[in-house]
Amino acid sequence: SNFIDAYGLLESFKYLGGIFMVAVVVGAQLLKNPPAGWKPSGWEPPESMAKAKVATVQDFEWRDMVKLKQFWMLWVMFVCGAAAGLLVIGILNPYGVHSGLSAVAAANAVGVLALFNGAGRIVWGMASDKIGRKNAMTLMFLLQGVMMLALIQMGSTEMTLSIAAAWVGFNFGGNLALFPTTTADFFGTKNVGINYGLMFTAYGVAGIAGPVLAGNVFDMTGSYMWAFIPAGVACLIAAGISLGLKTPRRVLIS
């Protein structure tokens, strides 16, 4: 905040943009793919893995990927989940104040959301390794949908708003753990850079749809209720879509 006070908001964004650009470009130069067949020193795959035929996902080119219904199912799910999370992030503070909380109490809830957003990326990633991507996504969207509907009644106290913020942030973070890995699982790792780039356009659409929905609804009705309800329904629809997900055609290799 001191930086913003000293230089102003727009100038602060310029400085941060420059720092990020340099850090990302320099850091990227340190990345290097390991040679084909590389494995950690002293590690050998289990005998069962070495002998068995391993099912692997076909590496889809992006042109072929976008023709698959699985891509569009995942894309719509991503829009639904990200829009709900970004909607809440955008209006959590004013929603708390509008519901009668102090600006400090509402801001504290935003901090809670950010904390659980980071935790959700780790925990949902671990969960998906245990129960599978499809099951993890279904559960995550179901929980998010329920909370979006419950959030209508949870803005009146700092405790309930913080609980809602933690819940929403936790599940929103899961989107950014599950969709990259699911894209690789479904469409292969060879072209995952461009493939996930196309998948991530859903996040861009959600970044416009969620906040715009909330702002327009409040301007028209004076309440955020009619923004939370469609966002919650969208998450429940995403959970239903997830139940119908099937991995694209696999090929067997020795």
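Helices (H or I, at least four residues) and strands (E, at least two) are DSSP runs, numbered from the N terminus.

The model is predicted, so local features need pLDDT of at least 70 and side-chain atom pairs count only at pLDDT 80 or more, while totals for chains, interfaces and linings use all residues. Residues are numbered from 1 along each chain as its sequence is written, and side-chain values use heavy atoms, with hydrogens and water left out.

The C-alpha trace spans about 65 × 45 × 35 Å along its principal axes. Among contacts (heavy atoms within 4.5 Å) between residues at least 6 apart in sequence, 81% join residues at least 24 apart.

Two packed helices are described by the angle between their axes and the distance between the axes. Axes are lines fitted to C-alpha atoms, for helices over the stretch in contact, and angles run from 0 to 180 degrees between N-to-C directions.

Helix α5 (residues 69-98) packs against helix α11 (residues 225-243) at about 155°, with the axes 9 Å apart. That angle makes α5 roughly antiparallel to α11 (over 145 degrees; under 35 is roughly parallel, 65 to 115 roughly perpendicular and the rest oblique). The crossing of α5 and α11 is left-handed, meaning that the near helix is turned anticlockwise from the far one by less than a right angle; clockwise is right-handed. Residues of α5 in this contact include Met73, Cys80, Leu87 and Tyr95, and those of α11 include Phe228, Cys235 and Ile241. The residues of the contact of α5 with α11 divide into 16 nonpolar, 2 polar and no charged (Ala, Val, Leu, Ile, Met, Phe, Trp, Tyr, Cys and Pro count as nonpolar, Asp, Glu, Lys and Arg as charged, and the others, Gly among them, as polar).

Helix α5 also packs with helix α6 (residues 103-131), at about 155° and with axes 7 Å apart. The two are therefore roughly antiparallel to each other, and α5 passes α6 in a right-handed crossing. Among the residues in contact are Val88, Leu92 and Asn93 of α5 and Ala106, Val110 and Leu113 of α6. The residues of this contact divide into 10 nonpolar, 2 polar and no charged.
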